[in-house]
Amino acid sequence: MFFTALPELKSELSHVSEDMETLLPEDWKTGTVGEIIDDVMNSRGKGVRPSLLLLMARLGPNYQQNQKRLFRLAGLAEFIHMASLIHDDIVDDSVLRRGNSTIQAKYGKDMAVYAGDLILSQTLSVILRDNLRDSGLLLAQTIQDMCKGEINQAACRYKFNVTQEEYYQNIFGKTASMFVSVCKIGGMESGCSEQVIELMGNIGLHLGYLFQIRDDLLDFSLQDMGDAKSMRLDFQEGVLTLPIIFTLEDAQCQAPMKELIEKARSGILSDNDLYTLNHLIMKAQGFEKTVQKAEEHRAQVLSMLKQLPQTEKKAIDLISNLLSKLTLPKPPKN
């Protein structure tokens with residue numbers, strides 16, 4: 001967990017996990033369904049999204065009295081995130097996630113689709129049952145944004161003239177929308193003012209952009225190119241992220257980059273082609289320009305954190321601490 005430096009939050013996250021377990025119907029706990037759900041629950045990540053929701057909620061006057069409701073919403077946000085990862089792994093045909101076999105690799109694509117849908121359906125059932133209308137609407141909108149982001153990203157694959165605007169639209173849906181929602185839900189459910197809730201949403205927006213851009217940079221980072229085929233996976237699959245977009249904007253690099261994209265589309269990229277890709281990115285300063293973009297989002301978050309009510313400075317400091325841990329990778333070798 002990113003936020004274990006605050007003992008109270010660590011305890012609250014354990015309550016979120018316990019609440020998530022109570023939301024699993026009894027008939028999900030046996031047979032193949034039970035086996036799959038166990039795998040899903042045991043492969044959870046660092047809890048960034050529930051943590052952000054609870055940290056933002058600490059700034060509101062109704063935090064203590066609404067804790068149970070906040071725990072539930074934090075768990076529902078995590079359920080949606082988990083379901084989205086299952087579906088992502090199906091689309092990407094991923095075998096591993098966080099070092100473990102993915103649901104689709106272990107049980108097959110059909111089972112994985114149904115597992116993701118099952119989790120989403122239970123999430124929506126709880127939202128209706130527990131009268132979580134306003135926050136539920138935000139989570140429902142996030143699911144829509146996720147789907148639109150993935151659809152639009154698929155439409156942009158191998159697209160020579162993909163723009164920064166299109167890239168940002170795609171990563172808003174894929175990543176940033178959920179960050180916006182959990183931050184706003186924390187403020188809404190703890191009684192913050194509309195102005196503060198809006199500020200929280202903007203913090204989530206730029207934090208989400210930073211998370212995704214950092215993830216995209218990792219695909220081009222300074223790693224052992226001895227196994228080049230295991231790297232640059234986004235590029236090989238036609239997902240053109242900011243380092244590529246910046247390189248395509250460089251007149252001298254545009255033609256050779258288009259040639260590499262065509263090779264990627266045809267599935268004939270060689271190790272030498274991937275070295276050439278590195279060279280073009282470095283020549284156009286695509287990596288450095290992307291790092292600069294990421295740092296701009298980090299600066300936006302830090303600036304807005306100072307504008308939040310300083311009623312719970314520990315919570316704000318922990319978000320700042322998260323930012324400091326989000327170090328950016330080094331550029332690829334030339």
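This is a predicted model: local features need pLDDT of at least 70, side-chain atom pairs count only at pLDDT 80 or more; totals for chains, interfaces and linings use all residues.
Helix 8 gives the most to the lining of the largest cavity, four residues in total, where helices are DSSP runs of H or I with at least four residues, and strands are runs of E with at least two, numbered from the N terminus. Residues are numbered from 1 along each chain as its sequence is written, and side-chain values use heavy atoms, with hydrogens and water left out.

Let me stay with the cavity. Rolling a probe the size of a water molecule over the atoms shows where empty space is left. Here a cavity is a set of points, on a 1 Å grid over the protein atoms alone, where a 1.4 Å probe fits but cannot get out, and lining residues have an atom within 4 Å of a point. The structure holds one cavity of 30 Å³ or more, and the space in the largest cavity is about 110 Å³, a volume being the space filled by probe spheres set on the points, which are joined across faces, edges and corners. Its lining has 15 residues, and the closest to the centre are Gln153, Tyr167, Asn170, Val239 and Leu240. Helix 8 (164-189) and helix 9 (194-218) each supply at least two residues of that lining.

Now please turn to helix 2. Its 12 residues, 31-42, should span 16 Å at 1.5 Å a residue, and the end C-alpha atoms are 17 Å apart, which agrees; the expected span is 1.5 Å times one less than the number of residues. Which residues of helix 2 are buried? They are Gly34, Ile36, Ile37, Val40 and Met41, where buried means under 20% relative accessible area, exposed over 50% and partly exposed in between, with a 1.4 Å probe and protein chains only. Seen down the axis, these buried residues fall within an arc of 165°, so they line one face of helix 2, the arc being that of the directions from the helix axis to the C-beta atoms. The face turned away from the buried side carries the exposed residues Gly31 and Asn42.

Last, a backbone detail. Most residues other than glycine have a negative phi. Asp93, however, has a positive phi, near 55°, and lies in the loop between helix 4 and strand 1 (96-97). Asp93 is partly exposed, at a relative accessible area of 49%.

Definitions and conventions. On a 1 Å grid over the protein atoms alone, a cavity is a set of points where a 1.4 Å probe fits but cannot get out, and a pocket is an open set with protein on both sides within 12 Å along at least five of seven lines; lining residues have an atom within 4 Å of a point.
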